[in-house]
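Q: I would like a close look at a single part of this structure. Please take me through it step by step.
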Amino acid sequence: MTTPTTLLPAEAAARLDQYTVIDVRTPGEYAGGHVPGAHNIPLDHLPAALPALKDAAARGDLLIVCASGNRSATACRELAEADIPAATLTGGTTAWAQQGHALHHPAGARTVWPMERQVRLAAGSLVVLGLAAGTRYRPARWLSAAIGAGLVFSATTNTCGMAAALAKLPHNQPRRADLTTTLKALRRG
């Protein structure tokens, strides 16, 4: 099993042309701006992409990117288990942009809110709904308590079940043709 490495944005930018960059965010997040040259393979589609990623890694280094570095670290661990070496971008596209590096914004791409913002909207709405419904039906307040407990669990485990559920929504799914085209491009190099 290989050991994933981490790269700071400045290190990655200095050698960007030497990497095959894989963005594991949802297609909507990717469309909102990504590291130039990045290919989009959402984290939940990574297992299907392993053969193409193995081919790409045989030709050169892989750099895995997400918004903050959490999903890319998860992807790097999955790739390491498949003996595919990869590095993760520390701080993700957020740190990349904050340090002054350009993000590519595809022309005409449909922009979707970042996953973190989607989670905040869903969690906040469910808490308010639970509290409002609790004024008429007292047990409905447990919905708010459950969401709060889920947020605490999410923070302590550095995972997010709500993000995993939201990623399944249609606006966060890759169009089949996009993923197929990406996988073909990675196999060919």
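Which elements do the buried residues of α4 pack against?

A: The buried residues of α4 pack against α3, β4 and β5 (87-89). First, some ground rules. This is a predicted model, where local features need pLDDT of at least 70 and side-chain atom pairs count only at pLDDT 80 or more, while totals for chains, interfaces and linings use all residues. Residues are numbered from 1 along each chain as its sequence is written, and side-chain values use heavy atoms, with hydrogens and water left out. Helices (H or I, at least four residues) and strands (E, at least two) are DSSP runs, numbered from the N terminus.

Now the helix itself. α4 has twelve residues. From its first C-alpha to its last it reaches 17 Å, close to the 16 Å expected at 1.5 Å a residue. The expected span is 1.5 Å times one less than the number of residues. After α4 comes Asp83, whose phi is positive, near 60 degrees.

Which residues of α4 are buried? They are Ser72, Ala75, Cys76, Leu79 and Ala80. Buried means under 20% relative accessible area, exposed over 50%, and partly exposed in between (1.4 Å probe, protein chains only). The arc is that of the directions from the helix axis to the C-beta atoms.

Take Cys76 from that list. At 2% relative accessibility, Cys76 counts as buried. A search of the whole structure finds zero disulfides. A disulfide here is a pair of cysteine sulfur atoms within 2.5 Å. Cys76 is in none, and the nearest cysteine sulfur, that of Cys66, is 9.3 Å away. Cys66 is buried too, because its relative accessibility is 1%.

Next, Leu79 and the core. A nonpolar core is a set of buried Ala, Val, Leu, Ile, Met, Phe, Trp, Tyr and Cys residues joined through side-chain atoms within 4.5 Å. The largest one has 20 residues. Leu79 is among those with the most contacts inside it, along with Ile22, Ile41, Leu53, Leu62, Ile64 and Leu186. The elements that give two or more residues to this core are α3 (46-59), β4 (61-65), α4 (70-81) and α9 (176-188). The largest share, six residues, comes from α3. In soluble globular proteins, nonpolar side chains tend to be buried together.

Contact means heavy atoms within 4.5 Å. Leaving aside neighbours within four places in sequence, Leu53 is in contact with Ile22, Ile41, Leu46, Leu62, Leu79, Ile84 and Leu186. A second, separate core of 13 residues includes Val21, Ala38, Leu63 and Val65.

Helix α6 (residues 115-134) has 20 residues. Its buried residues are covered by elements including α2 (27-31), α4, α7 (141-157) and α8 (161-166). In α6, Met115, Gln118, Val119, Ala123, Gly130 and Gly134 are buried. They cover an arc of only 125 degrees around the axis, so they lie on the same side of α6. On the other side of α6, Arg120 and Val128 are exposed.
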